[in-house]
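Subject: Structure handover

Hi,

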Amino acid sequence: MPNVNDHEELDALIIGAGFFGVYQLHHLRDTIGLRTKIFEAAPDFAGIWYWNRYPGARVDSDVPVYEFSDPQIWKGKDGWKWKERYPGWEELRSYFKFVDERWGLRRDVRFNTRVKGAEFDEDTKVWRVQTEDGMTVKTRFLILCTGFGSKPYVPSYPGLGTFEGKWYHTARWPQEGVQLEGKRVAVFGTGATGVQVIQEIAAKVGQLTVFQRTPNMALPMKQCTFTDEELDKMKDGYYEEIFEKRKTTFAGFPITFDPKEGAGETPEQQTAFFESIWEKGGFNFWLATYSDMYVSEEVNNEAYAFWRKKVLQRITKPELREKLAPEKPPHAFGTKRPSLERTFYEKMCQDNVTLVDLKETPVQDITPKGVRTSDGKEYEFDVIVFATGFDAITGGITNIDIKGTHGKSIEEVWKTGTRAYLGMSTAHFPNLFFLYGPQAPTAFCNGATCAELQGQWMIDFMSHAFRNNITRIEATEEAEEKWKVKVNESTGKTLFAKTDSWYMGANVPGKVKESLNWTNGVPDYVKEIEEVASRGYEGYVMTGGAGAGATASHL
């Protein structure tokens, strides 16, 4: 555990030890030479992959996309070697351990440390950060790397506290695991996590009841394993190619939209095209599709019809066909994140699996024995699993009581709508930055890619600040308003704006429905932030330096 005390002032304090946090620590400390520490609530590295260890938990970004590009980690016979195309939580934890060993991170990380609040001291231009265990630390810059999925969302069903069995949220799964063999189990949610849990546990539980609100338009994962020899061949040129390519594609994957528009294709051409990307598996059907997929309802409907035809071939129970793949799309295809599945549809058709449609019979309450729905039926369970996602993108930030210079918390300020200049900062909160947060390409960029692309911009900004003795940096209200308008206008042109999803904050009751993501793609985002830097970090007011005045102008 690093030696951090009330008398030490850090240059930068990072919250979170996932991809973003460790990348920031490595470069702020070792490249720039700043006094930098990480505070992490978990007992170890891995970010979301420390907490996500539910049955079947694995990433839906394939490798080598989902890893750091630093050759020190992957290159050579003694470099890191993956076992699977889509690694599970255990392998991802091992990867972070390997990164720690190569980068020497642990000495500057304080684990089991949850930050509860922070206030900015205008006299000294530092943040005073409070932890739940009573520590107060001073830092010039506070960098939140809390991730987009760090605040689990549990529906507020009446009576949950009376349930006599056990209940769990997948994002807080016990580290020792849960015995589910032979049990009567309920799973709420059929998003990415729900799909993974269901296909993993269906064969081992006694009875599985799935409570579904919206069917998942899941895609075939096409998982595979690697031998060391295969990986060695991939590392010979292919790795560098992938790392370069992910900077140029919409979502930071080595795939991107086809320049063709579906609207200009015949039905036969569309079918042939859809078949070609379907066969590749993974997110190809989502992200390597026609360029007008998410602006043209007609093209989107054709994609849905193709998906439905494929899925119906695997649904052997007639009564489930309209539940899992309805004839009328419940929303535009791909405007909710599709899960990558392997045996989901087969498992849903097992005799020990029951589907409850929450739109037909909503939950009335949780009883001591189980769940009662609006039709008066009571389902009895030993275990309830909530695969209900997160207060996504903003929740990890607003969960900390961070007070701005006006005395208001970020949670208070964002109650009426998110304001995040460049997706990294907000007015009245000087020297505070957040990465993989709102109004950045967060949900449309895999974590490792964004950790480097967005993260490097942050490192360059910090280098600029310390080279010029800048002590205070704050985004202007004008800049954050213009950015918000740009984000909303971009999303408003797409089908994403018409879908109630966590992309739009619509999964949490009371949360403002708005675009929480930059939807113009990674390359355009990188271009935008690099142009801001080239213009002297336009949109920020920076003070300090030799002249002790403003060192950068307003917009």
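One caution before the details: this is a predicted model.

Start with a single pairing. His-169 has Phe-386 as its bridge partner, and Phe-386 sits in strand 16. Strand 16 covers residues 383-386 and runs parallel to strand 7, with four bridges joining the two.

Now widen the view. Both strands belong to an open sheet of five strands, paired in parallel, in the order 7-16-8-9-12. Strand 7 (166-169) is one edge, and strand 12 (353-357) is the other edge; each pairs on one side only. From one strand to the next, the twist averages 15°.

A helix covers part of this sheet. Helix 5 (residues 192-201) packs on it and touches strand 8 (184-188) as well as strand 9 (207-212). The directions of helix 5 and strand 8 make an angle of about 160°.

Next, the nonpolar cores. In soluble globular proteins, nonpolar side chains tend to be buried together. The largest core here has 146 residues. Those with the most contacts inside it are Phe-68, Leu-208, Phe-285, Trp-307, Ile-473 and Tyr-540. Helix 15 (residues 447-467) supplies the largest share of this core, 10 residues.

Best wishes

Conventions. Residues are numbered from 1 along each chain as its sequence is written. This is a predicted model: local features need pLDDT of at least 70, side-chain atom pairs count only at pLDDT 80 or more; totals for chains, interfaces and linings use all residues. Side-chain values use heavy atoms; hydrogens and water are left out. Two strands pair if DSSP finds at least two bridges between them. Axes are lines fitted to C-alpha atoms, for helices over the stretch in contact, and angles run from 0 to 180 degrees between N-to-C directions. Contact means heavy atoms within 4.5 Å. A nonpolar core is a set of buried Ala, Val, Leu, Ile, Met, Phe, Trp, Tyr and Cys residues joined through side-chain atoms within 4.5 Å. Buried means under 20% relative accessible area, exposed over 50%, partly exposed in between (1.4 Å probe, protein chains only).
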